[in-house]
Amino acid sequence: MDILSYPFSKTYSGLTSFFSLEYLVLFLPFALFVYFITPSKVKKYLLLILSYLFFGLISGKLVAYISLTTTSAFFF
């Protein structure tokens, strides 16, 4: 196990990078397909949901980080 995947060893370790094969073959095509069939009014919310899903697949702790980031960016 290399040092970069060590923090993610307790979760699905295939999606630890935007350049991983699992991301490029599974998650990205799914996200693009759903994005392009979604009406334009809700695309920004879909991107937020997909971001939460991606971070959730990597680690549950990252969902707390992205929710804190989203909330602070909204209010500031």
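Leu48 is partly exposed because its relative accessible area is 34%, and partly exposed covers the range between buried, under 20%, and exposed, over 50%, with a 1.4 Å probe and protein chains only. Leu48 sits in helix H2, where a helix is a DSSP run of H or I with at least four residues, a strand is a run of E with at least two, and numbering starts from the N terminus. Leu48 and Ser67 are separated by 19 residues in sequence, and their C-alpha atoms are 9.8 Å apart.

This is a predicted model, in which local features need pLDDT of at least 70 and side-chain atom pairs count only at pLDDT 80 or more, while totals for chains, interfaces and linings use all residues. Residues are numbered from 1 along each chain as its sequence is written, and side-chain values use heavy atoms, with hydrogens and water left out.

The chain holds three helices and zero strands, in the order α-α-α from the N terminus on. Of its 76 residues, 22% are buried.

Phe27, in helix H1, is buried because its relative accessible area is 10%. From Phe27 to Leu50 the C-alpha distance is 9.3 Å, across 23 residues of sequence. Both residues belong to the lining of the largest pocket, which also includes Phe18, Tyr23, Leu28, Ala31 and Phe55. A pocket here is an open set of points on a 1 Å grid over the protein atoms alone, where a 1.4 Å probe fits, with protein on both sides within 12 Å along at least five of seven lines; lining residues have an atom within 4 Å of a point.

The volume of the largest pocket is about 160 Å³, counted as the space filled by probe spheres set on the points, with grid points joined across faces, edges and corners. H1 and H2 (43-58) each supply at least two lining residues, and H1 gives the most, with six. The lining has 11 nonpolar residues, one polar and no charged; Ala, Val, Leu, Ile, Met, Phe, Trp, Tyr, Cys and Pro count as nonpolar, Asp, Glu, Lys and Arg as charged, and the others, Gly among them, as polar.

Leu21 lies in H1 (residues 21-37) and is exposed because its relative accessible area is 62%. With Leu24, Val25 and Leu26, Leu21 makes a nonpolar surface patch of about 410 Å². Patch residues have over 30% relative accessible area and no salt bridge, with nonpolar side chains (Val, Leu, Ile, Met, Phe, Trp, Tyr) joined within 5 Å and like charges within 9 Å. A salt bridge is a side-chain nitrogen of Lys or Arg within 4 Å of a carboxyl oxygen of Asp or Glu. Accessible areas come from the Shrake-Rupley method with a 1.4 Å probe, and for residues only the protein chains shown count as cover.
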